[in-house]
Amino acid sequence: MTETETLRTDLLAAIDGAADLTALEAVRVAALGKAGQVTALLKTLGGMTAEQRQVAGPAFNGLREELSAALAARKAVLEAAALEARLATERLDMSLPVLPGPRGTVHPISQVMDELAEIFADLGFAVAEGPEIEDDWHNFTALNIPEEHPARAMHDTFYVTGGGPAGANGRAVLRTHTSPVQIRTMMGQAPPIRIIAPGRVYRSDSDATHTPMFHQIEGLVIDRGITLAHLRWTLETFIKAFFEVDDVTLRFRPSYFPFTEPGVEVDVGCSWQGGRLSIGGSESWMEILGSGMVHPKVLRNCGLDPEEWQGFAFGTGVDRLAMLKYGMTDLRAFFDGDLRWLRHYGFGALDVPTLSGGVGA
Ligand code: 2U9
């Protein structure tokens, strides 16, 4: 019995002293496993007399139960400590933003295109689109720019070899302006027409202020009794909404475009703020749009009688509008794909421009 007592004391001390679950399992196996000390003790019961067994049996079984209970209690303590330690290292800050966060941004040109579509939709204009590979007729001839007209040379046209659009009318070109979209619209639907034509255009020109591909938006209104007054109101309303300023003065200067008569260049009143010209005020003028009444020849080319139908048209560069509104200084950076630039000037996908929420983000 003394031996059993010693074994009991040693095993209880080992259980108490087990520093972790692995050490505790080793004690359990050494005591109660197949070859464990207590298991060996229990096996000796078989070789005892009935009287010896009557005394040793309850003692040995009692020892086994006591050790099992001590093992279970120590296991619970060690498991709780292990959980505590894990919780302390695996701390979660629930206030941190979800990772990885939104990475892409909406390019300022796309954002400005959306803003323009929103402003003009409110004025009843639909968005019209057309092919970027055009034919000579839609890009030039229909717009009163005949063969040998100096305006063709001014457009620095990219000519496309090896076929153009199906049913092409003359040489294939990369459109030099979005005006052929208006030609296609006038030929495809009866007036009244109110459209904007935003999109990519191409000219063989490249320096600090010109890229071979840039973005234009043009507008066209065809109806009975349209005058320059309608043009003026539309452009004033557009510029006020786009730059979000009420104090805007527009200056109309006579100009020449083959597709308009008269042609009008539009300047916007500006003032110097922090070393930069900003829209509004009247300290200086900045040219911002080209426009005019649609030339009677262009109307006729599209099958419309200029005695019955009149219209106005305008055009401007989207990239330049974006620079003026959002303060970029280098046009070429628009097309570099530099992630730092895109993160700085880009817009969140949820910054959808609306007139009620403000077209400026
Ligand atoms: C049709 C009839 C007339 C569109 C017009 C301009 C004047 C103009 C330039 C502004 C800067 C192009 O991006 S830019 O280089 N545009 O000055 N655009 S009138 O006139 C049209 C268009 C289509 C059928």
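Me: Helices are DSSP runs of H or I with at least four residues, strands are runs of E with at least two, and both are numbered from the N terminus. Which strand holds Pro262?

Reply: This is a predicted model, where local features need pLDDT of at least 70, side-chain atom pairs need 80 or more, and totals for chains, interfaces and linings use all residues. Residues are numbered from 1 along each chain as its sequence is written, and side-chain values use heavy atoms, without hydrogens or water. Glu261 and Pro262 are joined by a cis peptide bond, omega being about -5 degrees. Pro262 belongs to residues 260–273, which form strand 8.

Me: Where is Pro192?

Reply: Pro191 and Pro192 are linked by a cis peptide bond with omega near 0 degrees. Strand 5 covers 193–202, and Pro192 sits in the loop between helix 8 and strand 5.

Me: What is phi of Glu148?

Reply: Glu148 falls in the loop between helix 6 (136–139) and helix 7 (150–154). Its phi is positive although the residue is not glycine, at a value near 70 degrees.

Me: Which strand gives the most to the shell around the ligand?

Reply: The ligand is surrounded by 19 residues, each with a heavy atom within 4 Å of it. Helix 8 (179–188), strand 6 (213–223), strand 10 (284–294) and strand 11 (310–317) each supply at least two shell residues. With five residues, the most comes from strand 11.

Me: How much of the ligand does the protein bury?

Reply: Among the closest residues are Gln216 and Phe257. An N or O atom in the side chain of Gln216 lies 3.0 Å from a ligand oxygen. Taken alone, the ligand exposes 570 Å² (Shrake-Rupley, 1.4 Å probe), and of that area the protein buries 85%.

Me: What is the radius of gyration of the chain?

Reply: The chain contains twelve helices and eleven strands. Its C-alpha trace spans about 130 × 50 × 40 Å along the principal axes. The radius is taken over C-alpha atoms, and the globule rule is 2.2 Å times the number of residues to the power 0.38. A compact globule of 361 residues would come near 21 Å, whereas the chain has 42 Å.

How values were computed. A polar contact is a pair of N or O atoms within 3.5 Å; within protein, one must be able to donate a hydrogen and the other to accept it, and residues adjacent in sequence count only if both atoms are side-chain atoms.
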